[in-house]
Amino acid sequence: MANLFQWLRWVHIAAGSIALLLFWIPAIARKGGSTHIRAGWFYVACMSVVVVTAFAMSGLAFTIPLAVRRIARPLSAAELADFLRGQRVAATFLAYLAGVTLALGWQGIWTVETKREPKAMRTAFSLALNAAVLLCGLTVFVLGFKYRSGPLIALSPLGPLIGGGNLRYLLRGPQSGMHWWYKHLSSMIGTGIAGYTAFLVFGGARLFPSVARSQLYTIFWVLPTLIGVPVIFMTVAYYQRKFHESGRASDVSSPQVQLDS
């Protein structure tokens with residue numbers, strides 16, 4: 001089982017590394033152009049592998065942590081309890097980030113695919129996924145408070161913000177002519193935030209061990225969010241000005257911009 005876990009881990013790392021590099025191509029390329037679309041789908045494919053392997057690893061680490069980790073020596077009762085708790089908290093957090101990424105990516109893709117019929121997005125899966133992400137955020141907050149983990153507390157609002165925001169979008173329907181454009185961009189940027197957060201949280205400890213042992217490491221956990229969220233607001237505001245929309249409910253017909261061709 002340990003070998004399976006390590007195999008999943010390497011696939012996860014490889015797909016994640018490619019995805020984090022690919023993220024910048026559709027982000028910089030002309031929106032709706034062939035480069036944007038092709039690189040975007042490659043990015044989605046890599047992130048799909050990341051999400052699937054993250055769920056698989058978190059499930060294994062939560063249910064059978066002793067089987068997937070190679071322990072060099074026998075553990076005392078106290079050490080075993082600390083080990084199991086640490087593994088299960090980390091597994092919960094990994095699954096939480098995977099769920100956030102899935103909710104963002106799903107919303108970002110299907111917003112474009114159903115832009116002419118937004119109600120088609122309102123499926124049982126979409127509603128359940130975003131409700132689960134919202135509840136997982138609250139769970140992560142409880143874990144952070146219980147174990148006095150500043151990073152978990154700091155990142156716990158992502159679940160309610162993303163899950164709640166997506167649910168509001170699904171239930172209220174479009175509030176502007178270019179709703180699908182704004183939601184696509186903000187959701188896909190959000191997947192990049194989640195990806196870079198996971199990289200810094202799980203990879204940063206290995207790349208920067210001295211920083212990981214200091215209080216400064218907390219900043220690494222929240223840095224992608226601190227940078228990415230303002231970028232989302234600025235990007236949406238830019239396109240609202242470009243499309244002459246205020247962000248409020250609008251009957252303006254959508255400009256002829258294509259992302260799905």
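Residues are numbered from 1 along each chain as its sequence is written, and side-chain values use heavy atoms, with hydrogens and water left out. Because the model is predicted, local features need pLDDT of at least 70 and side-chain atom pairs count only at pLDDT 80 or more, while totals for chains, interfaces and linings use all residues.

**Exercise 1.** Work out how helix α1 is oriented against helix α3, and what classes of residue form their contact.

*Solution.* 
- Step 1: locate the helices. α1 covers residues 2–22 and α3 covers residues 34–63; helices are DSSP runs of H or I with at least four residues, numbered from the N terminus.
- Step 2: take the axes, which come within 8 Å and cross at roughly 150 degrees. Axes are lines fitted to C-alpha atoms over the stretch in contact, and angles run from 0 to 180 degrees between N-to-C directions.
- Step 3: α1 passes α3 in a left-handed crossing, meaning that the near helix is turned anticlockwise from the far one by less than a right angle.
- Step 4: list contacts (heavy atoms within 4.5 Å). Among them are Leu4, Phe5 and Leu8 in α1, and Phe42, Tyr43 and Cys46 in α3.
- Step 5: sort by class. The contact holds 19 nonpolar, 3 polar and 1 charged residues, where Ala, Val, Leu, Ile, Met, Phe, Trp, Tyr, Cys and Pro are nonpolar, Asp, Glu, Lys and Arg are charged, and the others, Gly among them, are polar.

**Exercise 2.** Describe how α5 packs against α3 and against α8, then follow Ile109.

*Solution.* 
- Step 1: for α3 and α5, the angle is about 150 degrees and the axes are 8 Å apart. That makes α3 roughly antiparallel to α5.
- Step 2: α3 passes α5 in a left-handed crossing. Their contact includes Trp41 and Val44 of α3, and Ile109 of α5.
- Step 3: by class, this contact has 15 nonpolar, 6 polar and 2 charged residues.
- Step 4: for α5 and α8, the angle is about 25 degrees and the axes are 10 Å apart, so α5 and α8 are roughly parallel. Their crossing is left-handed.
- Step 5: Tyr96, Val100 and Ala103 are among the α5 residues that meet α8. The contact has 8 nonpolar, 4 polar and no charged residues.
- Step 6: turn to Ile109, found in α5. Leaving aside neighbours within four places in sequence, Ile109 touches Trp41, Val44 and Met188. Ile109 and His184 are 75 residues apart in sequence, yet 6.7 Å apart C-alpha to C-alpha.

**Exercise 3.** Find which elements and residue classes line the second largest pocket.

*Solution.* 
- Step 1: count the lining. It has 30 residues, with Gly165, Arg168, Lys183, Ser186 and Ile232 nearest the pocket's centre.
- Step 2: assign the elements. Those giving two or more residues to the lining are α5 (77–113), α8 (158–172), α9 (179–207) and α11 (217–242).
- Step 3: sort the classes. The lining divides into 15 nonpolar, 12 polar and 3 charged residues.
- Step 4: check the definition. On a 1 Å grid over the protein atoms alone, points are where a 1.4 Å probe fits; a pocket is an open set with protein on both sides within 12 Å along at least five of seven lines, and lining residues have an atom within 4 Å of a point.

Notes: Angles under 35 degrees count as roughly parallel, over 145 as roughly antiparallel, 65 to 115 as roughly perpendicular and the rest as oblique.
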